[in-house]
Amino acid sequence: MNEIVSGVLEGMDRQIEQAVCDQDTISSALVGMSDLSDEIMLCILRHVPVCDLLTNVANVCQKLHALCYDKTLLAHVKFSEEYKADDQLVRHTLKLLANHVQSLSLNSCYWLSVSTLELLARCRGVTHLDVTGCRLTSLCLSRLLSSLSSLRSLAFDVRPCFNSALLSSEAVDSLSRLKELRQTLFTPSYGVVPCCAQLRKLMLQFDIPDVTKEGVGVCCQLMVGQSSVPHYEQLEEFTARLAPGEVNQTLLLLYLAVFSVHIPKHLRVFIVSVPGPNPAHWPAAPSLAKSLSQRGDLVALQLPRTWLDPMSLKQALEGNSPKHLSFSRCPALWPQAFESLLNGGVRDASHLISLNLSGINHVPYSECRSVEDQLVARTVSHLAAACSNVKHLNLMHTHYHHEHSPGLDGETHLCASLGRFQHLRSLTLPACALSDGVNTNHISARNSAPSLLFQGLKKAPRVGLQNYKPHSEPSPAGDTTSGLSSLTAGCPFLETFEIIGPGFASTLPRLEPCTRASVEPRGMCAWAKGVGDAHLAALEALPRLRRLTLAGLPGVLRGTGLVQLTKRCRDLRVLSLANLGSLKTMNYTAALVETLKHCTQLQELRLEQPYLNANASFFEALSSCSRLQRLCLISRCGTFDPSATEAFIERCCHVVMCHMFMGGTLVACKTLQKSLLDRFLAERPALSVVIYPLQHEDLPSVIRGIPLTLLDRITLFQSHVAQPPHLSPM
């Protein structure tokens with residue numbers, strides 16, 4: 001690490017000298033880092049990891065030592081991205097930090113030992129502590145709470161071994177002063193909530209399986225004898241994010257039982273995300289809606305589809321100016337949601353920053369889908385005018401068919417309407433929303449074929465795009481990208497873009513029931529089939545793009561559009577590709593290899609394709625991504641080259657996660673996994689390697705053993721736009 005820091009400092013010195021020695025400006029003076037003002041130096045040092053800052057940079061000279069211990073650098077410290085910091089280095093850093101730090105986050109530091117975590121007790125001035133994802137025992141938690149008497153915010157995991165009876169009286173006393181609590185629950189428990197009578201913010205993540213590893217059903221009736229939850233008298237924010245499962249829903253209702261008796265009068269954030277088509281009913285929802293409308297300071301609202309009716313929603317929003325709204329998978333609320341946002345149902349819609357309309361107009365697909373079930377470009381234009389400051393918008397699992405739009409010919413394209421959201425930073429769209437219309441030749445061929453197909457006399461016509469070639473002649477009507485071009489021109493600052501086909505269902509989804517209930521049979525939407533390489537190439541007009549998800553796009557034939565966009569989007573950090581083109585073959589291998597060579601800033605890659613061949617040429621191209629940290633490959637019939645995999649991990653020294661769920665034997669997978677861990681774990685303490693056959697019956701239990709932060713971040717497929725907050729960092 002000393003060599004890295006010295007190299008950075010020397011390189012900056014050379015750049016500064018070159019800049020100030022320009023003959024047209026200053027001809028004689030030489031300026032080094034030591035001549036910079038303290039303010040500029042502090043801005044530079046903010047980008048240095050805290051372990052390097054205190055153990056290396058601070059030892060260079062007296063001036064740097066004083067700056068490295070400046071309170072602006074050490075008051076708020078995060079270890080979350082310090083993947084090469086082992087227990088010894090973290091212990092040493094904590095000793096140096098002890099008298100300075102006020103807010104300390106070890107979120108997702110799953111590799112640290114309990115003995116290292118116990119040293120947190122030395123940081124007695126800490127007011128905010130986040131140890132989510134760490135292996136914290138009940139006794140260790142008790143010692144920390146007993147020492148940190150100034151603590152006001154706590155985030156931790158409630159694991160099966162948790163026992164609140166082991167908390168000391170001093171620990172309970174510290175909990176009684178907490179204002180903010182975040183719990184990730186892996187077992188049915190109230191955690192420490194009964195001890196926290198002054199909570200103003202409560203964030204919960206429920207990730208409890210319905211069945212244990214031993215095959216025994218999990219039951220929440222064991223909680224009856226535990227202490228009752230306090231009445232949340234001062235509660236202002238309540239957030240609950242659930243994984244699939246009946247146990248999670250039952251436990252949520254136990255946490256909310258007190259709301260049936262008393263709704264906190266200061267409540268201004270209420271977010272509950274429940275996956276699946278039929279969430280458990282909560283009878284107190286109408287009372288909650290009435291309470292939220294009384295103060296006029298609602299900030300965020302999300303409720304499951306069965307908890308609110310249109311009238312209750314209208315009442316909840318009336319007189320408020322919310323910043324975050326989600327109506328995900330709530331088709332019954334569709335008309336009222338737009339009515340409230342467009343026609344004065346909220347006090348000031350311009351305050352809205354995040355809006356999730358995923359699946360809000362979803363109905364079972366049919367060839368005679370009504371235009372009333374589709375997004376209307378004109379309505380979205382009005383929405384952009386009213387909610388002018390929206391930065392995050394999710395329209396997944398909706399439909400827009402430009403050719404079938406109501407009104408006169410020449411109706412504004414949906415993408416042109418979306419281009420009016422000038423502050424948009426992240427967006428999720430259904431693939432069909434990018435299409436300018438279905439090629440009439442495709443439609444006539446499709447409609448004339450069935451009688452011959454059923455007789456077995458004719459092959460099905462192939463619907464899709466020809467290979468995209470830069471600077472080629474314009475495509476036929478229906479294959480153009482004028483709509484998408486309107487979007488990229490209107491939203492040039494877009495950083496996150498997710499394009500998801502209406503028939504896509506991941507092999508490893510995060511929210512299984514929700515995903516299966518929301519998608520349609522693959523290929524049913526002809527408009528989505530028209531989105532291909534030309535559309536991907538058009539994304540080159542988004543130079544600030546950092547996160548890109550492309551899933552379920554059968555019209556991508558050769559992937560040449562990927563090459564074109566990555567040549568221009570040089571700052572791409574996260575790339576997720578799933579089921580592009582045919583599912584019977586991997587038809588964009590050559591383009592993928594070329595694409596990876598341009599992704600020099602890439603940090604995360606998730607690739608899901610039935611016939612992926614992770615051979616030597618693939619890993620050689622992937623080695624061009626020198627900053628890559630996380631890799632996830634998912635392929636039902638895929639193959640991998642063990643020696644090429646190992647050589648890739650050796651070359652890309654920043655890789656700390658390698659998850660491969662592919663074909664092959666269990667022995668071959670375990671052999672490679674053991675080889676990688678034995679060779680690289682010592683130098684990369686955070687290394688997570690999981691290699692397992694995708695179709696093996698024990699895969700669910702294997703996935704359950706992966707750190708939740710990695711599952712949420714990359715391994716399990718999900719949208720990351722306008723979603724409820726994760727308890728793990730994104």
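Modeller: The second largest cavity holds about 150 Å³ of space. The model is a predicted one, and a search of the whole structure finds 10 cavities of 30 Å³ or more. Lining the second largest cavity are 17 residues, and those closest to its centre are Arg-547, Thr-549, Ser-576, Arg-713 and His-720. By type, the lining divides into seven nonpolar, five polar and five charged residues.

Take α28 next. Eight of its eight residues are buried, so α28 is largely enclosed by the rest of the structure. The buried residues of α28 are Leu-708, Thr-709, Leu-710, Leu-711, Asp-712, Arg-713, Ile-714 and Thr-715. One of them, Arg-713, is also among the residues closest to the centre of the second largest cavity.

Ser-576 is another of the residues closest to that centre, and its place is in strand β16. Is Ser-576 buried or exposed? Its relative accessibility is 8%, and because buried means under 20%, Ser-576 counts as buried. Leaving aside neighbours within four places in sequence, Ser-576 is in contact with Leu-548, Thr-549, Leu-550, Arg-606 and Phe-717. Of these contacts, Thr-549 is itself listed with the residues closest to the cavity centre.

Two other places in the model can be set beside this one. Strand β3 (residues 128–130) pairs with β4 in the parallel sense, over three bridges. In one of these bridges, His-128 has Ser-153 of β4 as its partner.

At 31% relative accessibility, Asn-389 counts as partly exposed, whereas Ser-576 counts as buried. Not counting residues up to four places away in sequence, Asn-389 touches Ser-350, Leu-352, Ile-353 and His-423. Asn-389 and Ile-353 are 36 residues apart in sequence, and their C-alpha atoms are 5.9 Å apart in space. With Ser-350, the side chain of Asn-389 reaches the backbone oxygen at 2.8 Å.

Conventions. Residues are numbered from 1 along each chain as its sequence is written. This is a predicted model: local features need pLDDT of at least 70, side-chain atom pairs count only at pLDDT 80 or more; totals for chains, interfaces and linings use all residues. Side-chain values use heavy atoms; hydrogens and water are left out. On a 1 Å grid over the protein atoms alone, a cavity is a set of points where a 1.4 Å probe fits but cannot get out, and a pocket is an open set with protein on both sides within 12 Å along at least five of seven lines; lining residues have an atom within 4 Å of a point. Grid points are joined across faces, edges and corners, and a volume is the space filled by probe spheres set on the points. Ala, Val, Leu, Ile, Met, Phe, Trp, Tyr, Cys and Pro count as nonpolar, Asp, Glu, Lys and Arg as charged, and the others, Gly among them, as polar. Buried means under 20% relative accessible area, exposed over 50%, partly exposed in between (1.4 Å probe, protein chains only). Helices (H or I, at least four residues) and strands (E, at least two) are DSSP runs, numbered from the N terminus. Contact means heavy atoms within 4.5 Å. A polar contact is a pair of N or O atoms within 3.5 Å; within protein, one must be able to donate a hydrogen and the other to accept it, and residues adjacent in sequence count only if both atoms are side-chain atoms. Two strands pair if DSSP finds at least two bridges between them.
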